[in-house]
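Please work through the following exercises with the sequence and the model at hand. Each task is followed by a solution in steps.

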Amino acid sequence: MNAPNSNLHERLRALAMNLWWSWHPDMIDLMRDLNPHLWREVDHNPIAFLNRFTPEEVEERAAEFVLHSRINYAFRRLHEYLEAGQTWGAMHCANLKQKPVVYFSAEFGLHESLPIYSGGLGILAGDHLKSASDLGIPLIGIGLLYQQGYFGQRLNGDGWQEEDYVELDVNNLPLQPVTAADGRPLVVQMATRSGTLLARVWLLQVGRVRLFLLDSNIDGNSTDDRRLTSRLYGGDNRLRIRQELLLGVGGARIMQALNIHPGVLHLNEGHSAFAILEEIRRVMEYDRIPFHRAQRRVSLYTVFTTHTPVAAGHDRFSPDLVEEHLGVFREGLGLSTDDFMALGRINPHDRSEPFCMTVLALKNSRRANGVSAIHGTVSRLMWQPLWPNRPEGEVPIGHITNGVHILSWLAPQQYQLFETRLGRDWVTRMTHPDMWARVAEVDDGELWETHQNLNMQLIRFVRRRLLMQSERLGHRETLAQIDQVLDPDVLTIGCARRFATYKRVDLILSQPERLTKLIGDPHRPIQIVFAGKAHPRDDDGKRLLQRIAQYSYTAACCRRVVFVENYDYNVARHLIQGVDVWLNTPRRPLEACGTSGQKVLLNGGLNLSVLDGWWAEAYDGKNGFAIGHGGMHDDPDVQYQRDAEYLYETLEQEVIPLYYEREADGIPHQWIKRMKYAIQNLGWRFSADRMVKDYTERFYLPAANATSAETACFIK
Ligand SMILES: *Cc1c(COP(=O)(O)O)cnc(C)c1O
């Protein structure tokens, strides 16, 4: 951090080097006000933005737009934030102070300028770090720096997805190189049968939380290995296991190099489960105890969160791959190949079983959870074979339902409204239901006007994007034509998802005539904004996407159905802040949680969803809309047809009539009643602050205490 007499450019840079700016709307305004056009051009990346200014230019523009005091104020606030002593964590987490939580995740979604995430899992991890920071919980993140991130999405003229990979420039990112005790750049090493793998380490500051990112692109690695951390979820199983070796073992070694002893290991999904083995190795060496004792001890403070009921979402590796990459490591632990493979097998004696990362994590963590109530149940059923002597209900996997980092997802206008109507302390009381109860007193007209403004903002965003899309494809749509797209007075449905087949994004298209009729209704029409990416190798997903894109090109729909390319943090923010209704139609029970609908409700949108994931526990008949009654069928086609029927019925009989039911003042008071009720009752329950507090109270603190107790006993 710079000295108080540093110049404005340095101060802005110091602000930009901590992602804290990204969840404070006045910071974003500050950057934008320096040069709105450039701010958009650099994709809201403040480092790239500032790299385009000389210190003199900043001074000039600050003088011109009277930004001096705002910059100084922002700088002071960041300092106050970093130094605050009175946090929830300071009061509740004293025993994590010396031994923090170390949180591993293969992706972190923190902001659009840092494309090191692909979707929900990453966004959740990013929100976890931000809330841990706000709450003052001693927590450190570990992840990978992907030089090309996930892919950028374009659709060709036929609506087929094409992928773009852009090399990140570390000079344009808020990364600091991490140095070892001797002052030289920290490099972690992992010996494998096919050579040593190296990685350097970057630090990304997320408020009070440090996130360390491993990067294999350094001298000393083979050309292939330098590209190991190029892409997220690209490549084959061999690349995958090498990435996971880096993340788990490499990540744990960063902690050792920096002399940080973890009080808790939290594995966000199985990708990082090798960290457990490295921690066991460290404890064996440090405490001079044999493998099985170290294993038992480490499991006491290991927390594992599983994120998907889809079988393909759990990594499984062949014995060959495991031996190639962990053979050297295995010898260090003194285990035979069979004993080592058994760590990742449901049936330790079944030599045909591959090594599963989820199994490794479940066998070696005292605390494990799914990410919603229904996902907890599904996970217990799914992993029951690991505990053959226990009935399904007693499988030791609980649940903590995901939540979202409110300040990152709340529209600035909505923030203003809350600030004036809920009291200035609302930000520190976001997990208190009584604070949210004040939403009832917000004036309907005021809430509706805010919502309509956000809807207009979404429409302008969509038009801007469509114009870019059509220019790129060489279509000569005129501005006048683009300005006909979407109508602020029409009920806007948003639907953005990963195009995996089980998400069934096409459910609403299953009866095209019926849908077209709803869209073209002369009195009560609907309009739909779609977005989402298919995995580059998932042709079924791409076909599904194409079907939707092509439907949006038809003459009957071209102004009322749009597909916005390149769903990312920025597109998500616009969508969830501006829609009236958020549509989610996964095949029950395959949605683990889903968080986008939680972002929507805070901004005044209502959910219309299958009773799966978080919605199965959130929906109470008054806070949104349900598709069906939570039924399932063994035949996916039957389930699809039934759910489609329910979807149309709910739209036709509940959603559309309620939205268009206007009173003399033109305002839909019954609709607004639901908006308010949803914010009041669900806002705090599905916030990441509530989630992180749950993890802390139920998992982190008992885990950290268990180790101290066990160690104490051992010393006696
Ligand atoms: C919130 C979010 C997600 C996760 O949403 P789901 O409800 O799980 O689909 C995925 N991608 C982006 C960009 C998001 O912001």
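**Exercise 1.** Determine which polar backbone atom lies 3.1 Å from an oxygen atom of the ligand.

*Solution.* Step 1. A polar contact is a pair of N or O atoms within 3.5 Å; within protein, one must be able to donate a hydrogen and the other to accept it, and residues adjacent in sequence count only if both atoms are side-chain atoms. Step 2. The backbone atom belongs to Thr-595, 3.1 Å from a ligand oxygen. Step 3.

The model is predicted: local features need pLDDT of at least 70, side-chain atom pairs count only at pLDDT 80 or more, and totals for chains, interfaces and linings use all residues. Residues are numbered from 1 along each chain as its sequence is written, and side-chain values use heavy atoms, without hydrogens and water.

**Exercise 2.** Explain why the ligand lies between two domains.

*Solution.* Step 1. The ligand is surrounded by 13 residues (a heavy atom within 4 Å). Step 2. Domain 2 (100-402 + 693-715) and domain 3 (414-686) both contribute to this shell, so the ligand lies between them; the bounds come from an automatic or database domain assignment.

**Exercise 3.** State whether the residues of strand β15 (residues 491-496) are buried or exposed.

*Solution.* Step 1. Buried means under 20% relative accessible area, exposed over 50%, partly exposed in between (1.4 Å probe, protein chains only). Strands (E, at least two residues) are DSSP runs, numbered from the N terminus. Step 2. Six of the six residues are buried, so β15 is largely enclosed by the rest of the structure.

Note on methods
Helices (H or I, at least four residues) and strands (E, at least two) are DSSP runs, numbered from the N terminus.
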